[in-house]
Amino acid sequence: MGASTITTPPFGVYTPLVTFFHENETIDIEATKAHALRMAEGGVAGLVIQGSNGEAPHLLHEERQVLVRTIRRALQAKGFPNMKLIVGCGAASVKETLLYLSEAKAAGGDFGLVLPPAYWAAAMGVPVIEKFFLDVAAESELPFLIYNFPGVTSGIDISSDSIIRLAKTNPKIVGVKLTCGNVGKLQRISSALPKESFAAFAGKSDFFLPALIAGSSGVIAALANVAPKVHNEVIRLYTSNNLQAAIELQNQLSNADWAITKLGVAGVKGSVVNYFGYGTSRSRRPLGSTAIEKFTTEIATDVETIVKLEKEL
């Protein structure tokens, strides 16, 4: 894979797709496939499969491959052959990360998404983490994005200095998802690296518009599972210089994102079940499920505001 043939994920909204399960915790392939198609019809630029919202740590290798393969085929059959698929491939070792990347490519993935190793967090200093990503990039069969999410990596927070160094060292490192919420970090990265070779994405809806202003390539956001069209509307308003309307819509997104965060991954699924009528809120243990009763008035009001907008667009 030569540097001239490597592409970056295109600008836009990406949904970190939830994985639906039956009550017996087997994967509900049909509901997950239907969900992927609703996202495509909602105008997203791509899907992130088996990321944090997809419950990657709970999926077996074979299940991961089946999900990617099934979603790719469903998208092709419904007229979305060019939809980009970013596949979660993080693991504690270089060896298993490379295996995930190889399996993702074989199943139809376009890019990988790789967390830093975090099992022995105390040993994961800056040189160790940077060498991990460079070792992966040296042998990876797929270009990949760095996934910076301190909440799931024992607090490891990769600096803009490290990300910029890594991107300049190996062209297979094509982007980053910043779920850390640090707009300053995104600004530094986007100003230092050309968008043609590196895509820096906001990792949450609640700072989507500030991230666009800072040079983001778009957003990879859990709330897009509920309202992909609303996220695209933020882009439309921003790019048409209607900043005041974009700010007002961002206010609503931020409130809904905070509300749904209080319920976790199962809350995202519960919102889809409650407002769009498919899937279940079941997650694999030890995660639970979120019943409609847990949607307090405050949470329901903020989420329903976004759902109403979504259905109007």
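Ala, Val, Leu, Ile, Met, Phe, Trp, Tyr, Cys and Pro count as nonpolar, Asp, Glu, Lys and Arg as charged, and the others, Gly among them, as polar. The model is predicted: local features need pLDDT of at least 70, side-chain atom pairs count only at pLDDT 80 or more, and totals for chains, interfaces and linings use all residues. Residues are numbered from 1 along each chain as its sequence is written, and side-chain values use heavy atoms, with hydrogens and water left out.

**Exercise 1.** Describe the largest pocket and its lining.

Solution. Start with the term: on a 1 Å grid over the protein atoms alone, a pocket is an open set of points with protein on both sides within 12 Å along at least five of seven lines, a cavity is a set where a 1.4 Å probe fits but cannot get out, and lining residues have an atom within 4 Å of a point. Grid points are joined across faces, edges and corners, and a volume is the space filled by probe spheres set on the points.
- Volume: about 900 Å³ for the largest pocket.
- Lining: 45 residues, with Ser-52, Asn-53, Tyr-147, Phe-149 and Val-152 nearest the centre.
- Elements giving two or more residues to this lining: helices H3 (94–107), H9 (243–261) and H10 (264–276). Helices (H or I, at least four residues) and strands (E, at least two) are DSSP runs, numbered from the N terminus.
- Largest share: four residues, from H10.
- Classes: 23 nonpolar, 15 polar and seven charged.

**Exercise 2.** Find the cavities of 30 Å³ or more and describe their linings.

Solution. The search of the whole structure gives two.
- The largest cavity holds about 60 Å³ of space. Helix H2 (61–77), strand E3 (84–88) and H3 each give two or more residues to its lining, and H2 has the largest share with four. This lining divides into five nonpolar, four polar and two charged residues.
- The second largest cavity holds about 40 Å³. Its lining includes Ile-189, Lys-195 and Ser-217, and by class has four nonpolar, three polar and one charged residues.

**Exercise 3.** Is Lys-177 buried or exposed, and which residues does Lys-177 contact?

Solution. Lys-177 is in strand E6 (residues 173–178). Buried means under 20% relative accessible area, exposed over 50%, and partly exposed in between (1.4 Å probe, protein chains only). Lys-177 counts as buried because its relative accessibility is 4%. Next, take contact as heavy atoms within 4.5 Å. Leaving aside neighbours within four places in sequence, Lys-177 contacts Leu-113, Ile-146, Tyr-147, Asn-148, Phe-201, Gly-203 and Ile-220. Gly-203 lies 26 residues away along the chain, with 5.4 Å between the two C-alpha atoms.
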